[in-house]
Amino acid sequence: MLYERYPGELTVDSVVNWVASSIVGLPRILYYSKETLGPQFIGKSSHHKVKAIFFSSTGERAAPFLRQAAQEYSSYASFAFVLWKEEESQIWWNSLGVESAPALVFLKGPGAKPVVYHGTFSKSEFTEIMEEHKHQELQQLRSDTSLDLGCDARGHSRAGKEIMIWYCVIAAGRPGVELSKKRQILRKAQDQLLSAAGESATGNLENLVEVASAATALKNDRLTFVWLDGELQKKICAFYLATDYHGACGPRGFEDDNDKPEVFIVRFQRNATYEALKADKKNNLIETLQGQDTPDASQLVARYNGPDGILEINKWVSQIIKDGDTREIPYFTSKVPDLVPEETNKEWLSGTKGIRSAGKSLKERVQNSGFSFRDYLTDPRIGPALLMLACISWGTIWFKNIQSAQKTPKDEAPKDKTDKRRRPKLSTTLFGQPESSADPEPRDARQWEMDSDSD
């Protein structure tokens, strides 16, 4: 049986944190100060995620059900904790609208008004709140959301498969200040159309004529507003905008500040004839496999070149929808680049699981490894075991002393140091032959007699 001893102080918060982190393996939710919340959390979190910020007056760690939610909603939201201080209350009220702690704040995109909840929540209540606010007000067009948003030629509109024509308004650009401004404008344009659709339902038709087509399409789920990361999705961005990798699409160059995000609309149309042929061929496996790359809908793109006014954008969108619904437009087929799969958004989880507090030293890690010397001090078997080891050690020493006393003088005679193996003398000749006067003389050698001149 495996067990792990708790090494910390006996407080409820510490024990719960140890169980959630070390035993269950849930991620931690880190605390941030007013200086680090912006640059370290909001600035570094993924652009498409909702920011969920908890305010605590006690500084206690996140409850297990909050950590579980952080794990389950990691693809939609990033989580942070802030310690509430009275001297900083005015800052939080002015920036986020938080009056007191405990509180929960959702940031749902650039320029979006923070959604604030005061008080504590049960697990079920928090789950309902997360389901309501897990998406940004202007969602990102991603590889795993394009079908649900109705912005994929191989899918269909949010209104259903029976709809033949639908639209998607996209703000594309490289993440940064300029794209955030475009996202904020497009989000406000979407809110204006939603308000106009609500007014049309109540019978107030004033100031709705110019945007009526767009408001109706948005109400009927035939129109979607999204934003696209032109740096990551550079191929499909360049395909829609018919441009090279600069401005709105592609990675930034060295000291490149030329960020020019674009707003455009894509009109999707399914071909009724193609739909009928596809239904007839659905039982033919070969033809089905051959037709897998054929898009289900044609796409026409129109770029917006007007001012950044909200009403102007909605007028333009409404006119595009009116023309697209009434005019006979040919069916165009083209191979659209696929969206690049984004990161799996598990880095935050793996990073927080591996974080150790400043007090977690090597000693604490050894204590958490499952071995504790204190456990054996109270074991009744430890005394006899130590006595037995002491007897064995004493007996070994006594036996060695007896053997040394019984050795003969011959055995005790010191060894001649000259018996040591001599180290061979290294040769200094070119071919390794020893230089010695006793070298043998070759058999066919003869002496050379030197003639000397005499007087």
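Reply: Strand β8, which spans residues 223-229, is mostly covered, since seven of its seven residues are buried; here buried means under 20% relative accessible area, against over 50% for exposed and partly exposed in between, with a 1.4 Å probe and protein chains only. A strand is a DSSP run of E with at least two residues, numbered from the N terminus. This is a predicted model, in which local features need pLDDT of at least 70, side-chain atom pairs count only at pLDDT 80 or more, and totals for chains, interfaces and linings use all residues. Residues are numbered from 1 along each chain as its sequence is written, and side-chain values use heavy atoms, with hydrogens and water left out.

The cover extends to both faces of β8: Leu-223, Phe-225, Trp-227 and Asp-229 are buried on one side, and Thr-224, Val-226 and Leu-228 are buried on the other.

As for its partners, two strands pair if DSSP finds at least two bridges between them. Strand β6, residues 139-140, runs parallel to β8 and is joined to it by two bridges, with Gln-139 having Val-226 of β8 as its bridge partner. β7 also pairs with β8 in the parallel sense, over seven bridges, and Val-226 is again the bridge partner in β8, this time of Ile-170.

Terms used: Helix = DSSP H or I, 4+ residues; strand = E, 2+ residues; numbered from the N terminus.
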